[in-house]
Amino acid sequence: MRSISIFGATGSIGQNTVDLIARAPDAYRVVALTGGANIAQLAQDAIRLKAEIAVTAHDEHLDDLRAALAGTGITATAGEAALIEAADRPVDWVMSAIVGAAGLAPGFRALRHGGTLALANKESLVTAGPLLLAEAQAHGATILPVDSEHSAVFQALVGEDIAAVERIIITASGGGLRDWPIAALASATVADAGAHPNWAMGQRITIDSASMFNKGMELIETREFFGVTPAQIETVIHPQSLIHALVGFNDGALMAHLGAPDMRHAIGYALNWPDRRHLPVARLDLAQIATLEFRAPDPLRYPALAIARAVMETRGRAGAVFNAAKEVALDGFIAGRIGFMDMAAVVDRTLDEITSQLCLSSSMSNLEDVLMTDHMSRQTAWAQITKMER
Ligand code: NAD
Ligand code: MG
C-alpha cells in the first residue's frame, strides 16, 4: 500500500487527485491533506480518505477544522509551520498542488523523504528550478510533472535519449480572448478574461491563459525541467486543446500526446508511473473531431511570451521576479486597478527595476534567497501599479 499526501487538496488539481484516490481506497494510505479556507471540503475529504492529519493554511480556521473533525481521530493543525510539519511526515508520493509561491516550501521539504513529488505547482520550477532539482537529486527523490503539457512531453520522452531531441512544442489554447481584435484587449474585463474555451480551472490560471502568462510560465518550466535550451522550445496555438505537447527528434519525427482536456490524465499518469492504469477520462473520437488547427501566436496580442523568453535566457533570479510580478499584476487587474494589457507592462517594468538593484542572472543559493527576491519583486510591482494609476 502506498502512502500519499496531497498539498492543496481543496483546489482544482487537489480535488481531481482526491477523486482518483477515492476510486481505489485500498491501494493508498493517506497521510496529510492540506487546504485553505474551504474547511468543509477539507474535513469531508480527510474523513472520506481516512487521512492522518488535515492542515489549513490559515490559523483563524483551526477551531472550525477541529470541530469538523471531532471524534474522527484525524489531527487538525493550521498555519505555515504546520504545513511544513505535514510535509515532514514521510510518504511515498506527494501531490504538490498549492497555488502560487506558497507551494514552494512544502514541496521542497517533502523531497527529503526521497519519494515522488508530483509537481502541479509550476511556480516551484519557475522561481527555483535548479534548487528544486538539486534537492531532489541530493535525496534520491523523483519529480514528475503534472502540468498537462509537461506530462505530455515527459510521456513522449519515455525510452528516448534527450540528446536526440531537437525541439519541444508546447501547445496553447490561446485563451478566452484569442479571437478578439487586438485593439479591444485593453478594455477586456475580469469576466471576459476569466472564461476559458476548453479547460475548467481556477480564475487565476484562466486569466493567465488569456494573457498567455501561463504559457510563459510553462516555457520556463520546460527549460528548467527538461534542461533544453530556450531556442529548442516553441509554442503554437492549438484551439482544440487536444494535443498537449509535441517532441521533435533529430530524425524529423514529431511525437504528439493527445488526450481529452482533463487534468486527471496528467495526475493519474504521475500517480501510476512508471505503469499505466485505467483512468476515468473521456476517450477521443478522432473522426468526430475531424480537424486539428494550429496557428502562430501573435507577439502583439501576447507580450507575455517575449518577456518569458528573456527570463529563460537570463535564468538566475529572473524567474522569481517574473512570477512575483505576474501574480501582483494579476491581483491589480482583478482589483480593477490596471487594464488587461497593463499586466505585461507591470512585469516588464518590474524586471527592469529589479535589474538595476540586483544581478538578475546570479544564481540563488537557498529558499530564503528565492523568498527574498519574491518579496522585493512584489513591492516593486505594486509600486509600478501605483505609478500607472496616476
Ligand atoms: P486552486 O486555486 O484551485 O487551489 C489551490 C490550493 O492551494 C487550494 O487547496 C488552496 O486552499 C491552497 N492554497 C491557496 N493559497 C495557499 C497558501 N497561501 N498556503 C497554503 N495553501 C494555499 O489552484 P489549482 O488550479 O488547483 O492550481 C494549483 C497549482 O497547479 C498551481 O500552481 C497551478 O498553476 C497548477 N496547475 C493547475 C492546473 C489546473 O488545471 N487547475 C493545470 C496545470 C497546473
Ligand atoms: Mg498547463
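The following legends describe close-up views of a predicted model.

**View 1. Residues surrounding ligand 1.** The shell around ligand 1 comprises 22 residues. Thr-10, Ser-12, Ile-13, Gly-36 and Glu-123 are the closest of them. Sorted by class, this shell contains twelve nonpolar residues, seven polar residues and three charged residues. Domain 1, spanning 2-145, and domain 2, spanning 151-289, both contribute residues to the shell, so ligand 1 lies between the two domains.

**View 2. Polar backbone atoms facing oxygen atoms of ligand 1.** At Ser-12, a polar backbone atom is 2.9 Å from an oxygen atom of ligand 1. For Gly-8, the distance between a polar backbone atom and an oxygen atom of the ligand is 3.3 Å. Ala-120 likewise places a polar backbone atom 3.3 Å from an oxygen atom of ligand 1. On its own, ligand 1 has 830 Å² of accessible area, and the protein covers 82% of this area. The elements that supply two or more residues to the shell around ligand 1 are α1 (12-22) and α6 (122-139).

**View 3. The open sheet of seven parallel strands.** The strand order in this open sheet is β4-β3-β2-β1-β5-β6-β7, and the pairing is parallel. From one strand to the next, the twist averages 20°.

**View 4. Pairing of β1 with β5.** Strand β1 covers residues 2-7 and strand β5 covers residues 93-96. The two strands pair in the parallel sense, over four bridges. Within this pair, Phe-7 is positioned opposite Ser-96 of β5.

**View 5. The open sheet of four strands with mixed pairing.** In this open sheet the four strands follow the order β9-β8-β10-β11, and their pairing is mixed. Strands β9 (233-237) and β11 (254-258) form the edges, each pairing on one side only. On average, and with direction ignored, neighbouring strands of this sheet are turned by 20° against each other.

**View 6. Pairing of β8 with β9.** Strand β8, residues 165-172, is joined to β9 by five bridges. These two strands run parallel. Ile-170 stands opposite Thr-235, a residue of β9.

View 7. Pro-274 is located in the loop between α11 (264-272) and α12 (286-289).

**View 8. The backbone at Lys-50.** Although Lys-50 is not a glycine, its phi is positive, at about 55°. Lys-50 belongs to the loop between α2 (39-48) and β3 (53-56).

Notes. Residues are numbered from 1 along each chain as its sequence is written. Chains are lettered from A and ligands numbered from 1 in the order in which they are written. This is a predicted model: local features need pLDDT of at least 70, side-chain atom pairs count only at pLDDT 80 or more; totals for chains, interfaces and linings use all residues. Side-chain values use heavy atoms; hydrogens and water are left out. A residue is near a molecule or strand if one of its heavy atoms lies within 4 Å of it. A polar contact is a pair of N or O atoms within 3.5 Å; within protein, one must be able to donate a hydrogen and the other to accept it, and residues adjacent in sequence count only if both atoms are side-chain atoms. Accessible areas come from the Shrake-Rupley method with a 1.4 Å probe; for residues, only the protein chains shown count as cover. Ala, Val, Leu, Ile, Met, Phe, Trp, Tyr, Cys and Pro count as nonpolar, Asp, Glu, Lys and Arg as charged, and the others, Gly among them, as polar. Domain bounds come from an automatic or database domain assignment. Two strands pair if DSSP finds at least two bridges between them. Axes are lines fitted to C-alpha atoms, for helices over the stretch in contact, and angles run from 0 to 180 degrees between N-to-C directions.
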